[in-house]
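The following exercises are to be worked with the sequence and the coordinates at hand. Each task is followed by a solution in steps.

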Amino acid sequence: MTNWGRMVRPVCVTLGLAALAVGPAAAQESYTLRFNHVLAPGEPYHEGFLAWAQRVEERTKGGLKIEVFHSAQLGVEEDIIEQMRQGANVGQNTDAARLGTYVPGIAVINGPYFVETLEEVGKLSTAPTVVAWQEELAKQHGLKVVCFDWVQGYRNFFTNTPVRKPEDLSGQRIRTPPAPIWQESIRALGASPVAMAFGDMYPGLQQRAIDGVELVYSNIPGGRFYEVLSTASETRHILLVNFEVVSAEFFDSLPQDYQTALVEECRRAGQETSAKIIAREGEIRKELRDRGMTIVEDVDLAAFRKAGEQAYQTLGLVEAKQKVHQEIGKN
């Protein structure tokens, strides 16, 4: 071997070992998703989101981390959604009502009495019309629905007077999120809707800018609404289905196995959390009674169901409602 050969061989071996050492590290690119929700840290959803984050991080061996921000720490929902559309590595717990701003038909999922059991919610994931709406959100609006297995429970009216029939809501200013399906649903059920951010509800009630809210039971202890409201009326007018949404651009940038982990663990944590929330409603009802709230159970649900149909008519969603109901076998 020449002197040149003796010199080159060790150098080549050294470079090869360096490549082996650097290669796997370079290939293991890490990603961070900053996930925002409006709920208090004491609510079941926050615990569920933390479980989702932990499982994804473990499954990707630290390659994909989810940082969870409660109480709208990253900003209001609508602003976060716009950031996602621009490709930012943020996510948001949201609802079909807000997504309806981009794909109008999907808003139907937040309509009065649209779905009424967790089983019906589960069937939505394979309904062709709902699948098509999600594809449109991703391809045309940059919003990737990771999953929508998160159900907060049944929304009821929380006021300072009993509500047994739609007429009892006449003249009452009820807070709703700022989306057409919410506004028209509450108007159809008999109240005057007032668009207001989630975090503004408590001071809004204190200052009498609104007369009541329509929320799920788990929101009430977390927001301490029992301090400013006396009555819970069990209209169960919306089974609140939530969507976990991220930037389609960010999602597409992830390795395939990371995408799979993000979706599968989202569904798993969502189904677990939803079941816990439904099971806990009785406990929360008792807690609120102990705190002095009146629970109105003798509500004329037939009258509210009939009144709620007006929302679908006003927004031109009757056909979409009927089509999805046919696909999931709901009469």
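**Exercise 1: Helix H3 and its surroundings**

Helix H3 is followed by Gly-87, whose phi is positive, near 100°. The model is a predicted one: local features need pLDDT of at least 70, side-chain atom pairs count only at pLDDT 80 or more, and totals for chains, interfaces and linings use all residues. Residues are numbered from 1 along each chain as its sequence is written, and side-chain values use heavy atoms, with hydrogens and water left out.

Task: determine which residues of H3 are buried, how they are placed around the axis, and what covers them.

Solution. 
- Step 1. Helices (H or I, at least four residues) and strands (E, at least two) are DSSP runs, numbered from the N terminus. H3 comprises residues 77-85, and its buried residues are Glu-77, Ile-80, Ile-81 and Met-84. Buried stands for under 20% relative accessible area, exposed for over 50%, and partly exposed for values in between (1.4 Å probe, protein chains only).
- Step 2. The arc is that of the directions from the helix axis to the C-beta atoms. An α-helix has 3.6 residues a turn, so residues three or four places apart point the same way.
- Step 3. The cover over the buried residues of H3 includes strands S1 (31-36) and S3 (90-95), helix H4 (96-99), S4 and S8.
- Step 4. Val-76 is placed in the loop between S2 and H3, and counts as partly exposed at 38% relative accessibility. A C-alpha separation of 9.6 Å is found between Val-76 and Gln-92, which are 16 residues apart along the chain.

**Exercise 2: Strand S4**

Solution. 

**Exercise 3: Salt bridges**

Task: locate the salt bridges of Glu-67, Arg-98 and Arg-268, and classify the accessibility of the residues involved.

Solution. 
- Step 1. A salt bridge is a side-chain nitrogen of Lys or Arg within 4 Å of a carboxyl oxygen of Asp or Glu. The structure holds 25 of them.
- Step 2. Glu-67 and Arg-34 meet at 4.0 Å, N to O. Glu-67 lies in strand S2 (residues 64-69) and Arg-34 in S1, so this pair ties together parts 33 residues apart in sequence. Glu-67 is partly exposed at 37% relative accessibility, and Arg-34 is partly exposed at 32%.
- Step 3. Arg-98 and Glu-78 meet at 2.8 Å, N to O. The pair links distant parts of the chain, with Arg-98 in H4 and Glu-78 in H3, 20 residues apart. Arg-98 is buried at 9% relative accessibility, whereas Glu-78 is partly exposed at 30%.
- Step 4. Arg-268 and Glu-272 meet at 3.7 Å, N to O. Being four residues apart in helix H11 (residues 256-290), they are separated by about one helical turn. Arg-268 is partly exposed at 40%, and Glu-272 is partly exposed at 33%.
- Step 5. Arg-268 and Glu-272 also belong to a network of salt bridges that links them with Arg-55, Arg-59, Glu-264 and Glu-265.

**Exercise 4: The chain as a whole**

Task: summarise the secondary structure, the extent of the C-alpha trace, and the burial of the chain.

Solution. 
- Step 1. The chain has 13 helices and nine strands.
- Step 2. Along its principal axes, the C-alpha trace spans about 100 × 45 × 30 Å.
- Step 3. Of the 331 residues in the chain, 51% are buried.

Methods
Contact = heavy atoms within 4.5 Å.
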